[in-house]
Amino acid sequence: MKRLVELLKSLWGVSQPASPPVSVNPLDYEQLITLDAESLAEQGILTSYRELLPRLKEYSAAPLKVTEVQSNDGLGYTVEAGGRQFVIWEVLENGKQNNDGWERATVAFFQIVNASLEASSYHFYAINGGNDLFGMFLTEQEFIAARQAIARRSDWPWLPDDRLPHYGFPVEDA
């Protein structure tokens, strides 16, 4: 009987509206960790790292020790962790300061956290960037699922790196 009713409805042009496709985003945004690239670049990497440590210790038994070095003139800012040195701000040959401190700070922070996660099945991924920078711990499977479910590349989780010009950010036209 149900098939007959559906057949009659289709013949008379009466049908139920199609259900819109459901896009399920696998990211749990309640787990976002607020960072802000500007704050990181303004000598805030160590402070942010210390604030993250309780969460990081859930995924890593041996988080790296982080130290900051600021130059006497206030123009230089370097972070050291795990035998690596990350120059955030420096005075260039022309006497001016570099203009990519926010990007360098983002790269440094995520590389330090991820170096601490070397023995873990989790990585610490960036969400957004700049003043809207967040971080989230994800497994590889969660990361892949998010990239498959989220339509806009710029909304994908990503791993900051030193590759210019976007430092690993998943731009729309890439």
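1. Basis of the model. The model is predicted, so that local features are taken only where pLDDT is at least 70 and side-chain atom pairs count only at pLDDT 80 or more, while totals for chains, interfaces and linings use all residues. Residues are numbered from 1 along each chain as its sequence is written, and side-chain values use heavy atoms, with hydrogens and water left out.

2. Overall make-up. The chain contains five helices and six strands, where helices (H or I, at least four residues) and strands (E, at least two) are DSSP runs numbered from the N terminus. Read from the N terminus, the order of the elements is α-β-α-α-β-β-β-α-β-β-α. Of the 174 residues, 36% count as buried; here buried means under 20% relative accessible area, exposed means over 50%, and partly exposed lies in between (1.4 Å probe, protein chains only). Among contacts (heavy atoms within 4.5 Å) between residues at least 6 apart in sequence, 50% join residues at least 24 apart.

3. Packing of α3 and α4. The axes of helix α3 (residues 45-56) and helix α4 (residues 101-116) come within 11 Å of each other and cross at roughly 30°; such axes are lines fitted to C-alpha atoms, for helices over the stretch in contact, with angles running from 0 to 180 degrees between N-to-C directions. The two helices are therefore roughly parallel, given that angles under 35 degrees count as roughly parallel, over 145 as roughly antiparallel, 65 to 115 as roughly perpendicular and the rest as oblique. The crossing of α3 with α4 is right-handed, a term used if the near helix is turned clockwise from the far one by less than a right angle, anticlockwise being left-handed.

4. Residues in that contact. From α3 the contact draws on Ile45, Ser48, Tyr49, Leu52 and Leu56, and from α4 on Ala105, Ala108, Phe109, Ile112, Val113 and Ser116. By class, the residues of this contact divide into nine nonpolar, two polar and no charged, with Ala, Val, Leu, Ile, Met, Phe, Trp, Tyr, Cys and Pro counted as nonpolar, Asp, Glu, Lys and Arg as charged, and the others, Gly among them, as polar. Ser48, which lies in helix α3, counts as buried at 12% relative accessibility. Leaving aside residues up to four places away in sequence, Ser48 touches Leu40 and Phe109.

5. Aromatic pairs. The structure holds eight aromatic pairs; rings of Phe, Tyr and Trp (its six-membered ring) pair if their centres lie within 6.5 Å, and planes under 30 degrees apart count as stacked, over 60 as edge-to-face and the rest as tilted. One of them joins Phe109 and Phe110 in an edge-to-face arrangement, 6.0 Å centre to centre with 80° between the planes. Phe109 is buried at 0% relative accessibility, and Phe110 is buried at 1%. In another pair, the ring centres of Tyr125 and Phe143 are 4.5 Å apart and their planes stand at 10°, so this pair is stacked. It links distant parts of the chain, since Tyr125 belongs to strand β5 (residues 122-127) and Phe143 to helix α5 (residues 140-149), 18 residues apart. Tyr125 is buried, with a relative accessible area of 1%, and Phe143 is likewise buried, at 13%.

6. Aromatic cluster. Tyr59, Phe109, Phe110, Tyr122, Phe124 and Phe137 form one aromatic cluster.

7. Backbone details to check. Leu164 and Pro165 are joined by a cis peptide bond, with omega about 5°, and Pro165 lies in the segment after α5. Tyr167, found in the segment after α5, has a positive phi of about 55° although it is not a glycine, and this residue counts as buried at 10% relative accessibility. Gln43 too is a residue other than glycine with a positive phi, near 55°; its place is the loop between α2 (37-41) and α3, and Gln43 counts as partly exposed at 29% relative accessibility.

8. Asp161. Asp161 sits in the segment after α5 and counts as buried at 15% relative accessibility. Asp161 and Val107 are 54 residues apart in sequence, yet their C-alpha atoms are 5.4 Å apart in space. Not counting residues up to four places away in sequence, Asp161 touches Val107, Gln111, Tyr167 and Gly168.
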